[in-house]
Amino acid sequence: MEYDFENAPDRSHTDLVKWDVKPGELPMWIADMDFKTAPEIIEAMQAKISLGAFGYEWPQKDYFNAVADWYETEHGCRPHNDWMIFTTGVVPAISTIVRRVSHIGDNVLVQEPVYNIFYNSILNNVRHVLSSDLAFDGKNYSVDWTDLEEKLANPLTTLMIFCNPHNPIGKVWTKAEVQRVAQLCQKHHVVLLSDEIHGDLVRKGQGYTPAFSIEAKSNVQKVANNSAELVEFLRKETGLIVSAGSVYRGNGQDFIRINLACPLAMVKDGINRLAEGIRKYSK
């Protein structure tokens, strides 16, 4: 199979949120990549469609075997099939878990800045967001372990949503870090919910460590202090559309989030627009 990472289909005027833009604008914000879907997936869907009839279906053993095989091949650990449950999406699953394992008024701990939809799953279910903010030294993020343990020890903290790898900062936690988070949660009787949807996107360096493989025993750039005035400015002045880091809370307000899942020519165009916008913004 061949994969094309240089070209992208024209998806304008197709009801897509990403491409519902004005002429000349360049959307690089929402997590929606512009590359074509893998040929293997398209072929499987076409084979299914060719039947011409659809009904109620449910994943069978081969589905869960495929997931287990993938983890074993790609990440060196194999989940048991009976650990897996089919869901309609990651966010609905997170919301369901929040309702199931915590109570109204409980604290759900996160590490800000973090994926903004986590807050919806927490607040819409009448729980409280409690953040152990990630420490930032101007270049890298790290866990404030003292603060994390203090907040896990809070009697009202019953659940921690762990982003592994971390969105939006792109941090790939080491095995030792995942282990330590799991141990602290176990020590303080806090349920650990690990969102690992980005696990397959680690491009270089150490691989990610699935939380289920742990036995718990006792590229973003800083551009301004207000990422939201900047995002608006970039769109108005250059047509570049990016995400404001402020939606992730914590120190996310110091950053913007840009989606690079697009052809190289589009990336270069976006970076040029970004540079142009920052120059104008800084004057």
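A patch joins residues with over 30% relative accessible area and no salt bridge: like charges within 9 Å, nonpolar side chains (Val, Leu, Ile, Met, Phe, Trp, Tyr) within 5 Å. This is a predicted model, where local features need pLDDT of at least 70 and side-chain atom pairs 80 or more, while totals for chains, interfaces and linings use all residues. Residues are numbered from 1 along each chain as its sequence is written, and side-chain values use heavy atoms, without hydrogens and water.

Q: What is the area of the nonpolar surface patch made by Ile41, Met45, Ile49 and Phe54?
A: Accessible areas come from the Shrake-Rupley method (1.4 Å probe; for residues, only the protein chains shown count as cover). The patch of Ile41, Met45, Ile49 and Phe54 covers about 450 Å².

Q: Is Ile49 buried or exposed?
A: Ile49 is found in helix α1, residues 39-49 (helices are DSSP runs of H or I, at least four residues, numbered from the N terminus). Buried means under 20% relative accessible area, exposed over 50%, partly exposed in between (1.4 Å probe, protein chains only). At 52%, Ile49 is exposed.

Q: What kind of pair do Trp58 and Phe86 form?
A: The structure holds twelve aromatic pairs. Rings of Phe, Tyr and Trp (its six-membered ring) pair with centres within 6.5 Å; planes under 30 degrees apart are stacked, over 60 edge-to-face, the rest tilted. For Trp58 and Phe86, the centres are 5.4 Å apart and the planes at 75°, so the pair is edge-to-face.

Q: How many residues apart are Trp58 and Phe86?
A: Trp58 sits in the loop between α1 and α2 (61-75). Phe86 sits in the loop between α2 and α3 (90-101). The pair links distant parts of the chain, with a separation of 28 residues.

Q: What kind of pair do Phe136 and Tyr141 form?
A: The ring centres of Phe136 and Tyr141 are 4.5 Å apart. Their planes meet at 35°, so the pair is tilted.

Q: Is Tyr141 buried or exposed?
A: Phe136 is partly exposed at 27% relative accessibility. Tyr141 has a relative accessible area of 10%, so Tyr141 is buried.

Q: How many disulfides does a search of the whole structure find?
A: A disulfide is a pair of cysteine sulfur atoms within 2.5 Å. The sulfur of Cys77 is 18 Å from the closest cysteine sulfur, in Cys163, too far for a bond. Cys77 itself is buried, at 13%. Across the whole structure, the number of disulfides found is zero.

Notes
A salt bridge is a side-chain nitrogen of Lys or Arg within 4 Å of a carboxyl oxygen of Asp or Glu. Helices (H or I, at least four residues) and strands (E, at least two) are DSSP runs, numbered from the N terminus.
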